Amino acid sequence: MKNKLVVTDEMFFDQVRTYISDPDSLAMIRKAYEYAREKHKEQFRKSGEPYFVHLQNVGYILATLHAGPQTISAGLLHDTMEDCNVPKEEIAREFDMDVANLVEGVTKIGRLAFNDDKEYEAANHRKIFIAMAKDVRVIIIKLVDRLHNMRTLEYTSKESQVRKASETLQVYCPIAHRLGFGDIKNELEDLCFYYLDPVHYHEVASLVEAKKRERQRMVDKMINEIADMLKEHNFKFRIFGRSKHLYSIYKKMTTKNKRFDEIFDLYAIRVVTQTELNCYEILGYIHAKYRPMPGRLKDYIAMPKVNMYQSIHTTILDADGNIFEVQIRTEEMDSIAEQGIAAHWSYKEGRLYNSEKEQKEIENKLSWYHDMIAMMDESELEHPSEMLNTIQKDIFEANIYVMSPKGRVIELPNGATPLDFAYRIHTEVGHNAIGSIVNGALVPLNTQLKTGDIVQIRTSKQATGPSEDWLKIVKTSHAKNKIKNYLIKVEEEKRKEIIAKGEKILSDEIKKRNLEEKAAFDKASIEKVAGMFNLSSYNDLLYAIGMKSVSMVQVMEKLTNQKRSALEGFDISRLFRGNRRTRPAGRTGLQVEGVDNMKISIAGCCMPVYGDEIVGYITKGQGVKVHRRDCPNIRGQQSRLINVRWEEDDTTKQYDCWLKIDASDRSYLISDIVTVVAQYKAGLMGINSEVLPDKVNVTVDLKVRVNNSDQLHLLMTNIRKIDSVVGVERIIK
């Protein structure tokens, strides 16, 4: 798989001059050419060639795409900042700010701030996406840079080959496809296929080669027949055959479980004509002469793909029963099909490039591009890998096309629901959704959408907003992140309310005891008291008071030890008046009021923790088992229930409980969960994970040891924040 093209100075400038003749533009390109050669003169590639050869090839490929003079110049200079330490200001001074901005957009960021290669690569991808959102020429340069690097990947180590090919297949091929760079995408995919799976690559290549002569003979015969027919009807046209690239064949064989001889479009016949009307007329003549296969007609002229691709595809049978795919399009459509946006916005003499105007046109033409920018504008994600994950899953892997009532096409991944659609329209539309109408019929928000559906979202300002159940409905990372952020915000608001409530309870208690409020309510002292309850801050203690998960008696006892001078003359004995009989504190930290010498233990099913609402269940021969009040195992057992309460003078005991985590499967998920458990000072007593039959989702059962319900609540809240986690709940074992 070697690309043998050797670009010379003469070839490069001959190619540029095929469409650029303006002296100033040519002078800029020549200056960039010589500047790059000079700056990189001491540098060599792993192949042994001068490094400038790579830049020369990047510039040449950009010229074949008819890129503008600034884009070609930036392509030639794209490594000067990173490899030659040339400051942006110098590039702007020597060329112009447009070129400097493009070079900066393509330049990798420094490594110092990153823990590993994965984080570094994710940050670089995020930087490129952000730069691409401002100016699409950045990604065109990056794609061409990656294409030439892939062509020369043979000179790198096996490890580097696999890493680069994997990254290219996951990130750059989808971008090339979405931008309509058909030729670049196909070549990149085949190169990745070659390095990632050489066995299957050679297997598919051998199958294609074995059938090539026989198939080519049949295709040539069909081309001649169609050409003769079109000449009879005085059409102006070009007709030729094209073979399917190897990776595309392999994907069809694996994803659709087809044998090689079941793939009909190994060789397609392409008819390129002058007008859109000619396309439909030619289709009519072809269907009149040959039998079309039912269900195989695709009209991408009336309904273009998201990358602007337009063509009519039909599959026909000749008199001998041989199957052929025929593609019919105009010259402009053919140009866009091969070169994507590079064809649509290719450089034209005398036309000044207006970055802002061109970007707006791209947003209008490419709906996915508009959606990607909207995601980044709204994004509340902080980690680079989260943004990359969202864009990959929601944009690049999307293959369902649905429409709004106004005709806007929204692309979504398989399994997406009206709720995903709502969040793609706007975050507030998602938050306020109360129902959906699909193709005129009212349907639930969890209905799976399919291509061609027309979707309308019913909203209400009185809507209660997202709930945790919504995380199980949506499929897009974008929607999940928006819902999670909303729930966290609501949780934070509730926490603020409970803290305010706890502050009032504490203030009222201090006043009731006739303490000097200013002295007793000292924040530093209260923070010391919080530490005695294994709480980390002043607010955590107020929250615990507001939740009634700590006893005010204990708080005041510990606070008075801190503030003796403020309590002089205060009759502390009145705190302990009364002669309630209680069971002495035992290993469980529980008391049964009015009962001595009774065995008491925590139920193993619902596993209550300190601070939970609890009740005792009188067993036969095993004493009192303490359950959570909502435990399903004690429903209907009122006659055997007894009041119990937590010991108020011992919060140092620890309690086990089981959590169930629902999540989308990904690398390092378990590691991230374990890290959060450690961060919030809980004990990890057991863990079990299971990938569900859909091979996408996973459940994790987690046994943790905590001091109280407040710590447990905090732990669950932060597990929910982990990327790909859908929900967390306590479970009954």
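The model is predicted, so local features are reported only at pLDDT of at least 70 and side-chain atom pairs only at pLDDT 80 or more, whereas totals for chains, interfaces and linings use all residues. Residues are numbered from 1 along each chain as its sequence is written, and side-chain values use heavy atoms, with hydrogens and water left out.

The confidence of the predictor in each residue is expressed as pLDDT, on a scale from 0 to 100. The chain has a mean pLDDT of 82, and 82% of its residues reach 70 or more. Confidence is highest in helix H14 (residues 276-289), at a mean of 96, and lowest in helix H24 (residues 517-520), at 58. In residues 110-114 the pLDDT is below 50, and this stretch has eight contacts in the model beyond near neighbours in sequence; a contact means heavy atoms within 4.5 Å. The pLDDT is also below 50 over residues 562-586, a stretch with 41 contacts beyond near neighbours in sequence. Where pLDDT is low, the predicted coordinates should not be read in detail.

The secondary structure comprises 29 helices and 21 strands. These elements are DSSP runs numbered from the N terminus, with helices (H or I) of at least four residues and strands (E) of at least two. Of the 733 residues in the chain, 51% are buried. A residue is called buried under 20% relative accessible area, exposed over 50%, and partly exposed in between, with a 1.4 Å probe and protein chains only. The chain exposes about 36300 Å², of which carbon and sulfur atoms supply 49%; such areas come from the Shrake-Rupley method with a 1.4 Å probe, and for residues only the protein chains shown count as cover. Among contacts between residues at least 6 apart in sequence, 65% join residues at least 24 apart.

The largest nonpolar core contains 67 residues, and those with the most contacts inside it are Phe12, Ile72, Leu77, Ile91 and Phe181. Helix H9 (residues 137-151) gives the most to this core, with eight residues. Such a core is a set of buried Ala, Val, Leu, Ile, Met, Phe, Trp, Tyr and Cys residues joined through side-chain atoms within 4.5 Å. In H9, 14 of the 15 residues are buried, and the helix is thus mostly covered. The end C-alpha atoms of H9 are 21 Å apart, in agreement with the 21 Å that its 15 residues should span at 1.5 Å a residue; the expected span is 1.5 Å times one less than the number of residues. Leucine 77, apart from neighbours within four places in sequence, is in contact with Ala32, Tyr35, Ala36, Ile91, Phe95, Val99 and Val103.

Aromatic rings provide further links. Rings of Phe, Tyr and Trp (its six-membered ring) pair if their centres lie within 6.5 Å; planes under 30 degrees apart count as stacked, over 60 as edge-to-face and the rest as tilted. This rule gives a count of 14 aromatic pairs. The rings of tyrosine 35 and phenylalanine 95 form an edge-to-face pair, because their centres are 5.5 Å apart and their planes lie at 90 degrees. Tyrosine 35 lies in helix H2 (residues 23-39) and phenylalanine 95 in the loop between helix H6 (88-94) and helix H7 (97-106), so the pair ties together parts that are 60 residues apart in sequence. Tyrosine 35 is buried, at 12% relative accessible area, and phenylalanine 95 is buried with a value of 12%. Tryptophan 646 and tyrosine 655 are likewise edge-to-face, with ring centres 5.2 Å apart and planes at 75 degrees; tryptophan 646 and tyrosine 655 are both buried. A cluster linked by ring pairs consists of Phe193, Tyr194, Tyr195, Tyr201, Tyr247 and Tyr250.

The loop between helix H29 (709-720) and strand S21 (725-730) holds isoleucine 722, which is buried because its relative accessibility is 7%. Isoleucine 722 is in contact with Lys484, Arg666, Leu669, Asp672, Ile673 and Val676, leaving aside neighbours within four places in sequence. Serine 724 is found in the loop between H29 and S21 and has a positive phi near 80 degrees, in a residue other than glycine.
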